[in-house]
Amino acid sequence: MSSSVNNNSPFTWLGLLKWSLAYSDGTRSSGEEFKPMSKADVEFLEKVMKEGIIDEGERMKEILRSLTEGVEGVLNESVVGREEEKKKDISEDDMLEMFQELRDIVEQIDYARAFMAMGGITFLLGCATTEGSVPKSIRKASLSVLATMCQNNPPVQLNLLEAGHIPQLIQMFFDYSPTGKNGDIGDDSMREKVVQTLSASIRGHAMAEHIFCQNEQAKTMLRLGLGM
């Protein structure tokens with residue numbers, strides 16, 4: 001039996017099944033005595049089981065660490081006089097893939113709260129609201145993850161509210177409106193992400209809904225969005 005196991009293979013489960021079938025064809029009677037597994041077989045099985053199960057908590061930490069380095073590298077590039085070796089070798093496409101993976105993980109409410117506990121809200125909100133230095137694609141991806149994290153998740157909604165996200169995101173909406181500081185250009189895709197995140201972050205949370213409704217700019221944003 002080969003002991004090589006491909007860490008990155010999505011078909012580890014298939015290899016495990018084939019190995020299992022090789023040792024049992026289902027024809028043995030229930031009263032027949034089974035021989036104990038050899039040490040090599042036990043080690044192989046443990047290795048397959050360990051490598052075939054992803055620890056989502058550890059994976060979120062890895063993603064947060066990598067994204068932090070990637071964003072730091074992007075910011076360093078915009079600062080005159082930074083040494084070349086300080087730039088992080090993580091491409092924008094790589095970061096977008098990690099954001100997508102992170103979004104898939106935090107769809108689970110408990111993982112969303114765990115990522116919040118790691119400081120994820122501060123990181124994502126910082127990425128989303130940093131204009132100029134951080135690419136638009138990264139800012140939009142950050143907003144998407146925030147929206148996913150906080151929907152129907154009161155502790156995350158409260159954490160985001162305490163971070164002061166409502167006025168920051170409302171300002172982003174106006175910044176990317178045709179009448180904003182981007183002139184007549186605007187960016188509907190960015191505004192859509194902002195509205196999506198605001199909606200998810202206040203929906204079903206009484207305090208957040210109250211604060212949003214008391215914000216004069218929020219009222220103007222709604223009127224603008226409704227074409228009034």
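This is a predicted model: local features need pLDDT of at least 70, side-chain atom pairs count only at pLDDT 80 or more; totals for chains, interfaces and linings use all residues.
Biologist: Why is Ser177 called buried?

Modeller: Buried means under 20% relative accessible area, exposed means over 50%, and partly exposed is in between (1.4 Å probe, protein chains only). Ser177 has a relative accessible area of 0%, so it counts as buried. Ser177 sits in the loop between helix H9 (165-175) and helix H10 (188-202).

Biologist: What makes the pair Ser177 and Arg191 a polar contact?

Modeller: A polar contact is a pair of N or O atoms within 3.5 Å; within protein, one must be able to donate a hydrogen and the other to accept it, and residues adjacent in sequence count only if both atoms are side-chain atoms. The side chains of Ser177 and Arg191 are joined by a polar contact of 3.3 Å. A polar atom of the Ser177 side chain also lies 2.7 Å from the backbone oxygen of Phe173.

Biologist: Asn152 or Glu72: why is one called exposed and the other partly exposed?

Modeller: Asn152 has a relative accessible area of 58%, so it goes down as exposed. Glu72 comes in at 39% relative accessibility, so it counts as partly exposed. Asn152 is in the loop between H7 and H8, while Glu72 lies in helix H3 (residues 56-77). Asn152 also has a phi near 55 degrees, a positive value in a residue other than glycine.

Biologist: How do you know that the buried residues of H4 line one face?

Modeller: The buried ones in H4 are Met95, Met98, Phe99, Leu102 and Ile105. Seen down the axis of H4, they fall within an arc of 120 degrees, so they line one face of the helix. The arc is that of the directions from the helix axis to the C-beta atoms. On the other side of H4, Asp93 and Glu97 are exposed.

Biologist: And what makes the length of H4 close to the expected one?

Modeller: The expected span of a helix is 1.5 Å times one less than its number of residues. H4 (residues 92-105) has 14 residues and reaches 20 Å from its first C-alpha to its last, close to the expected 20 Å.

Biologist: Which residue caps the N-terminal end of H5, and how do you know?

Modeller: Gln108 does: a side-chain oxygen of Gln108 lies 2.8 Å from the backbone nitrogen of Asp110. Just after H5, Gly119 takes a positive phi of about 95 degrees.

Biologist: Why are H7 and H8 called oblique?

Modeller: Angles under 35 degrees count as roughly parallel, over 145 as roughly antiparallel, 65 to 115 as roughly perpendicular and the rest as oblique. The axes of H7 (residues 136-150) and H8 (residues 154-162) come within 8 Å and cross at roughly 130 degrees. H7 and H8 are therefore oblique to each other. Leu146, Met149 and Cys150 of H7 make the contact with Val156, Gln157 and Leu160 of H8. Contact here means heavy atoms within 4.5 Å.

Biologist: What makes H10 oblique to H11?

Modeller: H10 and H11 (residues 206-213) pack at about 130 degrees, with their axes 8 Å apart. That makes H10 oblique to H11. The contact involves Leu198, Ser201 and Ile202 of H10 and Ala208, Glu209 and Phe212 of H11.

Biologist: Why is Phe212 called buried?

Modeller: Phe212 has a relative accessible area of 8%, so it counts as buried. Leaving aside neighbours within four places in sequence, Phe212 is in contact with residues including Ile166, Ile170 and Met221.

Definitions and conventions. Residues are numbered from 1 along each chain as its sequence is written. Side-chain values use heavy atoms; hydrogens and water are left out. Helices (H or I, at least four residues) and strands (E, at least two) are DSSP runs, numbered from the N terminus. Axes are lines fitted to C-alpha atoms, for helices over the stretch in contact, and angles run from 0 to 180 degrees between N-to-C directions.
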